[in-house]
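Me: I would like to go through some of the terms used for this structure and ask what stands behind each of them.

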Amino acid sequence: MNNEFFAALDIFVKEKGIPKEYIIERVEAGLLSAFKRENGGSDNVRIVIDAEKKDVRVFKVMNIVEEVTDPLTEISLEDAKAV
């Protein structure tokens, strides 16, 4: 899917003349918004699109703590090392 996405992105850039970086920022924002909507509004998510590597990644950002009080935003050091 990534190759098809980036091929379509290149075609769009050529046809519309809009900078690729701007389109990628907008797509990242749209994916983030959709992800939050589908997952209860989690703010601890980051989406990175790398056009050179033709890669799309979604990261869940968590705080490493000694004692987990909120499993949606926190992770123990032992669990983080396992990941």
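Me: What makes α1 oblique to α2?

Reply: In this predicted model, the axes of α1 and α2 come within 10 Å and cross at roughly 130°, where axes are lines fitted to C-alpha atoms, for helices over the stretch in contact, and angles run from 0 to 180 degrees between N-to-C directions. Angles under 35 degrees count as roughly parallel, over 145 as roughly antiparallel, 65 to 115 as roughly perpendicular and the rest as oblique, which is why α1 is called oblique to α2.

Me: Which residues of α1 and α2 meet?

Reply: With contact meaning heavy atoms within 4.5 Å, Phe5, Leu9, Asp10, Phe12 and Val13 in α1 meet Lys20, Ile23, Ile24 and Val27 in α2. By class, seven of these residues are nonpolar, none polar and two charged.

Me: Why is Ser76 called buried?

Reply: Buried means under 20% relative accessible area (exposed is over 50%, partly exposed in between, with a 1.4 Å probe and protein chains only), and Ser76 has 9%, so Ser76 counts as buried. Ser76 lies in strand β4, residues 74-76, and, leaving aside its neighbours within four places in sequence, is in contact with Ile64, Val65 and Val68.

Me: How do you know which features to trust, and how are residues numbered?

Reply: Residues are numbered from 1 along each chain as its sequence is written. Local features need pLDDT of at least 70 and side-chain atom pairs count only at pLDDT 80 or more, while totals for chains, interfaces and linings use all residues, and side-chain values use heavy atoms, with hydrogens and water left out.

Technical notes
Helix = DSSP H or I, 4+ residues; strand = E, 2+ residues; numbered from the N terminus. Nonpolar A, V, L, I, M, F, W, Y, C, P; charged D, E, K, R; others polar.
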